[in-house]
Amino acid sequence: MVKATVGIPSLLRKSLHKTLRALMQQSEDDFDILITYKGNLTREFEEYEKVLNIRFLKQKEGLFEEGLNLVLENADGKILLTTDDDAIPDKNWVMEHVEFHESNRDVGVISGEIIGKKWINYPNSLYMRFKKTDFMHEYSPAFSEYKAYLTKTGFSVDREKGYGKSIAIAGVNMSIKREVYSKTRVLTYSLRGSYNESYIAVNAIKLGYHSVVMKKAKVVHLDNDSLSRPLNNDWELRIEKFTSPYMFNFLLPIDLELLRRLLDQVEMEEEKIGISMAIEGIENKLPPKKFRERLKEIIEKSRNMYYER
């Protein structure tokens with residue numbers, strides 16, 4: 001078994017060349033690469049098989065979450081690292097992730113340092129308004145030391161920024177112990193892959209491990225337009241972020257009555273739409289892919305309302 005697998009769900013964008021060239025320069029060489037891709041695999045990418053221990057696995061259906069699940073299902077390293085096809089890992093990236101895991105047996109998931117544009121956690125607006133209320137209480141004492149934690153209402157919110165225990169994990173710079181990733185599949189419920197990393201982190205906590213953000217293993221993330229970091233018109237992403245109670249409820253049953261009370265108090269339209277959807281999905285026990293269809297339907301109905309403002 002190799003020490004590490006690097007997983008990259010990809011659309012085979014040109015920026016992937018920079019990612020692969022950075023992986024060619026790693027100080028640690030005991031790793032393989034698994035790329036799940038949509039699109040046509042061209043010779044220019046196949047050429048990397050001559051210099052890297054790399055596998056290409058075609059994604060035949062689904063969205064980002066299905067691509068990530070292919071990585072989780074097919075990785076075989078003791079440690080699984082993930083990044084994006086528009087990211088440039090530092091030369092010590094693999095080594096520093098592996099060393100941290102080996103030195104911290106109780107840590108199941110790690111996110112490293114990211115230079116560049118990061119995803120925005122829109123539900124922090126709820127935390128700022130309701131942080132002294134029951135709505136933002138930690139789900140359980142397991143989250144008492146976490147800077148970013150899960151609330152009883154099913155949101156990942158940031159108590160404070162910085163490094164340490166956290167479920168605010170970024171997939172562009174993430175690593176997972178085999179004991180965790182072999183028992184984890186992300187929920188195929190969203191359109192933009194929201195909170196798949198936090199889902200993995202919470203599952204790691206459920207399995208008895210910690211989730212940590214560390215100031216090591218740097219990755220430069222290019223400022224490209226993407227599903228989770230749209231350069232313009234983020235209305236659809238905002239709605240999706242507020243549906244997270246539906247997702248987390250699959251791991252840890254949330255306080256649905258408390259969530260209903262929160263819905264009565266929120267004012268922003270994307271909060272109302274997203275939370276209402278989460279409640280509907282939980283109450284009706286919608287399967288993830290049915291929830292995704294419903295999410296697409298609701299977003300299409302609300303799109304004109306937002307863009308015509």
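**Exercise 1.** How much space lies in the second largest pocket, and which of the residues that line the second largest pocket are the closest to its centre?

*Solution.* The structure is a predicted model, and in it the second largest pocket holds about 510 Å³ of space. The lining of this pocket is made up of 21 residues, of which Lys-118, Lys-161, Gly-162, Ala-168 and Val-213 are the closest to the centre. Sorting the lining by class then gives 9 nonpolar, 6 polar and 6 charged residues.

**Exercise 2.** Determine the strand order of the open sheet of 3 strands, and explain why strand 5 and strand 7 each have one side left without a neighbour in the sheet.

*Solution.* Begin with the order, which is 5-13-7, with mixed pairing. Strand 5 (87-89) and strand 7 (114-116) stand at the edges and have a single partner strand each, so one side of each is left without a neighbour in the sheet. On average, neighbouring strands of this sheet are turned by 20° against each other, direction ignored. Turning to one pairing, strand 5 and strand 13 (residues 219-221) pair in the antiparallel sense over 3 bridges, and Ala-87 stands opposite His-221 in strand 13.

**Exercise 3.** Locate Thr-151 and decide whether Thr-151 counts as buried or exposed.

*Solution.* Thr-151 is found in the loop between strand 8 (148-150) and strand 9 (156-158). Its relative accessibility is 0%, and therefore Thr-151 counts as buried, the cut-off for buried being under 20%. When neighbours within four places in sequence are left aside, Thr-151 is in contact with Phe-135, Met-136, His-137, Tyr-139 and Val-157.

Key:
Residues numbered from 1 in each chain as written. Predicted model: local features only at pLDDT ≥ 70, side-chain atom pairs only at ≥ 80, totals over all residues. Heavy atoms only, no water. Pairing = 2+ DSSP bridges. Helix = DSSP H or I, 4+ residues; strand = E, 2+ residues; numbered from the N terminus. Axes fitted to C-alpha atoms, helices over the stretch in contact; angles between N-to-C directions. Buried < 20%, exposed > 50% of the residue type's maximum accessible area, 1.4 Å probe, protein only. Contact = heavy atoms within 4.5 Å. 1 Å grid on protein atoms, 1.4 Å probe; cavity = no way out; pocket = protein on both sides within 12 Å on 5 of 7 lines; lining within 4 Å. Points joined across faces, edges and corners; volume = space filled by probe spheres on them. Nonpolar A, V, L, I, M, F, W, Y, C, P; charged D, E, K, R; others polar.
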